[in-house]
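Let's talk through what the labels on this model rest on. The plan is simple: take a value, hold it up to its cut-off, and conclude.

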Amino acid sequence: MKNKAYPYYENPLVRDLKDMISGKAETIPDHELFVYPSDEGDVTKTYKDFYDDVNALGTWMFQKKLWGKNIAIIGENSYEWIVTFYALVMGGNVAVAIDKGLPEEEIQELLKKGEATVVFVSGTYREKVKKKSGRRIYCFDEFDKMLTEGKALLDKGNKDFLRYEIDPERTAAILFTSGTSGSSKGVELTNKNIAFEINQTCKLFRLEGPVVAVLPFHHAFGLIVGILMVIYYGTSAYINKSLKKVKKDMQDFGPQTMFLVPLFVEFFHRQIWAEIRKRGKERAFRTLMKSTNLLLKMGVDVRKKSYESIREAFGGKLEYIICGGAPLDPMYVKEFRTWGINILNGYGTTECSPCTAVNRPHHYLDGSVGQIVPGIDVRVSDEGEIVFRGDLVMKGYYKEPEATEQVLTDGWYHTGDLGYVTDDGFIVLTGRKKNLIILSNGENISPEELEMDLTRDDGVAEALVYEEQSKIVAEIFPVEEHLGDEEYFEKLKDKVNKGRPLYKQIVRIKLRDTEFIKNASMKIVRHKNIFPVQVDREDSAE
């Protein structure tokens, strides 16, 4: 199919999360929904199993007088996490999702910010919330017991939870911003926000096969797109519990689609090329890619056979990677497409529930972050900032009216991202407003442009560009074989600078021997990454 506009997919509308899961439990009760590992092997839960477990846990919660409260969930990705979230939202509570990987002090701070009086936590992280919390704590180690007690209450005719009617305007969840340039804020999302996001975004893409759920559930992309939309589509998800097992999980489960952040794409890409070079096949492989693309333009598709070994590494059935959360170099999109895997780059923010744009399978623009989600308004401010308005825009930052007023004006959410909208509705980003480097000569530079060029190099694992004493500095974390290799990165600096005006050229390279600190979206946290470095080389022409 040619790359051109085509009609939106027509899907049934859902009112809220309760409407969504009850409908699926009725229409496809025996269809596999979740699969996850356990000590006894993989466990499978159908749509009916999930619905019954949510009702059992919700009934148990009501018996414990857990209604109308802010209740935190802390733990690794798990079936227990999802059931708990759903039971909280369907029972009139506010689910406060917190990153289990944060230091204990930050977890305590977010519990306080979110005014969580109760915490559901996995056994692994219980000690992080137990100390000085003064809160009621329930551990996932007792999850089966909670379900058993809840089901017993249901058998006795307790229907308090089942009768509860969701208020679409009431806050359903507090999801904390990733905090790349400041402290995290609690984003209030309602059932109306989430239902609108699911109904409208799913008009752009149709999931027709299983996924492996890798992204953290406490993050909006991992939860709403990576889990709730899977439920909406009526497909199934394998819950990955350890990033070390991602490759095995993909090979065992055979996903049709993966929801990923750029860090995963870059890692997979690096591994593929490393294996090709190890076999001494780089030149031959690049020739094959050129011929493959030429044949594709002529209407002949030989990708499935030509790149079978690459596809097998992803389980053999992978067709799409929906990528968001951070900028992605178009080079990755083009090369994966050549190998027969389509990366659909998207764009969003927690404050917008989170997706606001995504490229479509048969209508895409390389270098863009996709087509605007139907039903929302977008415009570009006089300063070049992308702003959105619509039912997916958050209620506000929890108990932070001043911070809310800074980003919400007359219903318009100001993203802080610079960019433009094409005539056919694609959003193209050019940088972050807060990251913009303004030199003493008045020139403005988006560091993301330089960072993208640096990370294209095989020797660069991560890069951060910033201004220091009116000069552009590039801080680099190299791949293992180039750690401390000053000469290599001086040559890379010259390569990146070539053809650029002087004001856009990197003056200094700093090498690190540790990774940058990242947030839940796996984006580098700029304000936390001022560390002593291993090497400091400055251009002799300075």
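Q: Why is the packing of helix α3 (residues 79-90) against helix α9 (residues 220-233) called roughly perpendicular?
A: The two helices pack at an angle of about 80 degrees, with axes 13 Å apart. Angles of 65 to 115 degrees count as roughly perpendicular (under 35 is roughly parallel, over 145 roughly antiparallel, the rest oblique), so α3 is roughly perpendicular to α9. Axes here are lines fitted to C-alpha atoms, for helices over the stretch in contact, and angles run from 0 to 180 degrees between N-to-C directions.

Q: Which residues make that contact?
A: On α3 they are Trp81, Ile82, Phe85 and Tyr86, and on α9 they are Leu223, Ile227, Leu228 and Ile231. Contact means heavy atoms within 4.5 Å. The residues divide into eight nonpolar, no polar and no charged; Ala, Val, Leu, Ile, Met, Phe, Trp, Tyr, Cys and Pro count as nonpolar, Asp, Glu, Lys and Arg as charged, and the others, Gly among them, as polar.

One caveat on provenance: this is a predicted model, where local features need pLDDT of at least 70, side-chain atom pairs count only at pLDDT 80 or more, and totals for chains, interfaces and linings use all residues. Residues are numbered from 1 along each chain as its sequence is written, and side-chain values use heavy atoms, with hydrogens and water left out.

Q: What makes α3 largely enclosed by the rest of the structure?
A: Twelve of its twelve residues are buried, so α3 is largely enclosed. Buried means under 20% relative accessible area, exposed over 50%, partly exposed in between (1.4 Å probe, protein chains only).

Q: Why is Met250 called buried?
A: Its relative accessible area is 1%, so Met250 falls under the 20% cut-off. Among the residues it touches are Val212, Phe268 and Phe314.

Notes. Helix = DSSP H or I, 4+ residues; strand = E, 2+ residues; numbered from the N terminus. Lists of a residue's contacts leave out its neighbours within four places in sequence.
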